[in-house]
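This report describes the fold of one protein chain and then turns to several individual residues. The sequence and the structure are shown first.

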Amino acid sequence: MKLSTEGQSVERSGGVLRCPHCGGGLLRHLEVEVFTRAEGAAAVIKTTTASDGQARSTLIANRASGNPSPCGGGLRIKLTCDDCDAAPFFLTLGRHQGGIELGWAD
Ligand SMILES: [Zn+2]
């Protein structure tokens, strides 16, 4: 299966996701955040699954939630890189203009 995107927002080489800061391939995930939201709703259910196995869900205002989607739900994977000293960052999937947009966020 091949990961296909438009543009250069996510670099992929040899099946390994590369760090957006240094290009290294030693990424590890810390936690996953899922944003469940009806289209255009002011509130979102944010579910976070941490690396310690704990999960929690909260209903919060969408604009302050970190949801990468301007119009619906989304997903963020918090990553750290063993190849550089970058602060933890996110790989994001957000609904945008009917499609799913991949990106990076701090
Ligand atoms: Zn890095």
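Q97 is exposed, because 7 other C-beta atoms lie within 10 Å and the limit for an exposed residue is 12 or fewer. This reading, like the others in this report, comes from a predicted model. Q97 is located in the loop between β7 and β8. The residue has a positive phi of about 50 degrees, although it is not a glycine.

**The hairpin around Q97**

The two strands on either side of Q97, β7 and β8, form a hairpin with two residues between them. Strand β7 covers residues 89–96 and strand β8 covers residues 99–105; the two run antiparallel and are joined by seven bridges. One of the pairs links G94 with E101, its bridge partner in β8.

Strand β7 is also joined to β6 (residues 74–81), again in an antiparallel arrangement, by six bridges. Here L79 has F89 of β7 as its bridge partner.

**The sheet and the overall fold**

These strands belong to an open sheet of six strands, in the order β5-β4-β3-β6-β7-β8, with antiparallel pairing. Which strands stand at the edges of the sheet? They are β5 (55–61) and β8; each has a single partner strand, so one side of each is left without a neighbour in the sheet. From one strand to the next, the twist averages 20 degrees.

The protein as a whole contains zero helices and eight strands, and its elements run β-β-β-β-β-β-β-β from the N terminus on. Of its 106 residues, 21% count as buried. Among contacts between residues at least 6 apart in sequence, 46% join residues at least 24 apart.

**Three further residues**

C22 is placed in the loop between β2 (16–17) and β3 (27–36). Residues up to four places away in sequence not being counted, C22 touches C81, D83 and C84. C22 counts as partly exposed, because it has 13 C-beta neighbours inside 10 Å.

P88 lies in the loop between β6 and β7. Is P88 buried or exposed? P88 is exposed, since 12 other C-beta atoms lie within 10 Å, and a residue with 12 or fewer is classed as exposed. Apart from neighbours within four places in sequence, P88 is in contact with L30, K78, L79 and T80.

I45 is part of strand β4 (residues 43–50). With 15 other C-beta atoms within 10 Å, I45 is partly exposed. Its contacts, leaving aside neighbours within four places in sequence, are T36, S57 and L59.

For each of these three residues, a C-alpha separation to another residue of the chain is listed below.

| Residue pair | Separation along the chain | C-alpha separation |
|---|---|---|
| C22 and D85 | 63 residues | 9.3 Å |
| P88 and D106 | 18 residues | 7.2 Å |
| I45 and N62 | 17 residues | 8.5 Å |

Technical notes: Residues are numbered from 1 along each chain as its sequence is written. This is a predicted model: local features need pLDDT of at least 70, side-chain atom pairs count only at pLDDT 80 or more; totals for chains, interfaces and linings use all residues. Two strands pair if DSSP finds at least two bridges between them. Helices (H or I, at least four residues) and strands (E, at least two) are DSSP runs, numbered from the N terminus. Axes are lines fitted to C-alpha atoms, for helices over the stretch in contact, and angles run from 0 to 180 degrees between N-to-C directions. A residue is buried if 20 or more other C-beta atoms lie within 10 Å of its own, exposed if 12 or fewer, and partly exposed in between; C-beta atoms are placed from the backbone. Two residues are in contact if their C-beta atoms, placed from the backbone, lie within 7 Å.
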